[in-house]
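Thanks for coming. I will walk through a few local features of one model, so please keep the sequence and the coordinates open.

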Amino acid sequence: AIRFKQLADAANKDYSVRVVEKAAAVGDHTLSGAVLEPRALEELFPDWKERGAPLHTPVVADSLAYLTETGRVPVPLGLLPGNPQDNHGNYIVRLGNVVAWLGEQAEEMGVEIFAGYGAAEVLYHADETGAVKGVATNDVGIAKDGSPKATFERGMELHAKATLFGEGCRGSLTKTLFDKL
């Protein structure tokens, strides 16, 4: 969303960019810790440090070991071709914090984020192309028995010129796209 908005702005194209996030807040469903190479942040925001990106713990050492039933056997890192354990210049992060920060940066650029609404259905054009025209969000405020609660809100239809699906490894909407297209 950030990169698309940057490209649209650079081309003087007035595109509205929206992100539908089922978590209550951006980053809430991103829980893992990670070693992050900051190159992607540098491409989006060369001034990521000044913007307060949550990269505070640089990697200071790498190690690799085989764990056995009785202990730990160190493995020299030079034995691995391409050495993916060379993390010089990378940072140890909580990925949820990085994603939340990216959400803040996106909103400052004018990206609209619909947090707390999961995309529930792919919407298609009714014409002969049957192309994707957007998504519908889920209804909220529904009791376990399916009846509407006092907090009920009908989902929204979000129509778009282009729809990007970034659902992760178990994306249910993406699976329906594979079946249909």
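**Thr137 and its surroundings**

A polar atom of the Thr137 side chain lies 2.7 Å from the backbone nitrogen of Met156. That falls under polar contacts, meaning a pair of N or O atoms within 3.5 Å; within protein, one must be able to donate a hydrogen and the other to accept it, and residues adjacent in sequence count only if both atoms are side-chain atoms.

Before going on, the sources. This is a predicted model, in which local features need pLDDT of at least 70 and side-chain atom pairs count only at pLDDT 80 or more, while totals for chains, interfaces and linings use all residues. Residues are numbered from 1 along each chain as its sequence is written, and side-chain values use heavy atoms, with hydrogens and water left out.

Back to Thr137, which is found in strand β9, residues 132–137. Helices (H or I, at least four residues) and strands (E, at least two) are DSSP runs, numbered from the N terminus. Is Thr137 buried or exposed? Its relative accessibility is 5%, so Thr137 counts as buried. The cut-offs are under 20% relative accessible area for buried, over 50% for exposed, and partly exposed in between, with a 1.4 Å probe and protein chains only. Leaving out residues up to four places away in sequence, Thr137 touches Val20, Tyr117, Gly118, Ala119, Ala120, Gly155, Met156 and Leu158; contact means heavy atoms within 4.5 Å.

Next, the rings. How many aromatic pairs does the structure hold? There are 3, where rings of Phe, Tyr and Trp (its six-membered ring) pair if their centres lie within 6.5 Å; planes under 30 degrees apart count as stacked, over 60 as edge-to-face and the rest as tilted. One of them is Phe4 with Tyr15, a tilted pair at 5.4 Å centre to centre and 55° between the planes. Phe4 is in helix α1 and Tyr15 in the loop between α1 and β1 (18–21), so this pair ties together parts 11 residues apart in sequence. Phe4 is partly exposed, at 43% relative accessible area, and Tyr15 is partly exposed at 30%. Another pair is Trp48 with Tyr91, edge-to-face, with 5.8 Å between centres and 85° between planes. Trp48 lies in the loop between α2 and β3 (57–58) and Tyr91 in strand β6, so here the parts tied together are 43 residues apart in sequence. Both Trp48 and Tyr91 are buried.

Last, helix α3, residues 95–108: its buried residues are Gly96, Val98, Trp101, Gly103, Gln105 and Ala106. Their cover includes α1, β2, α2, β6 and β7.
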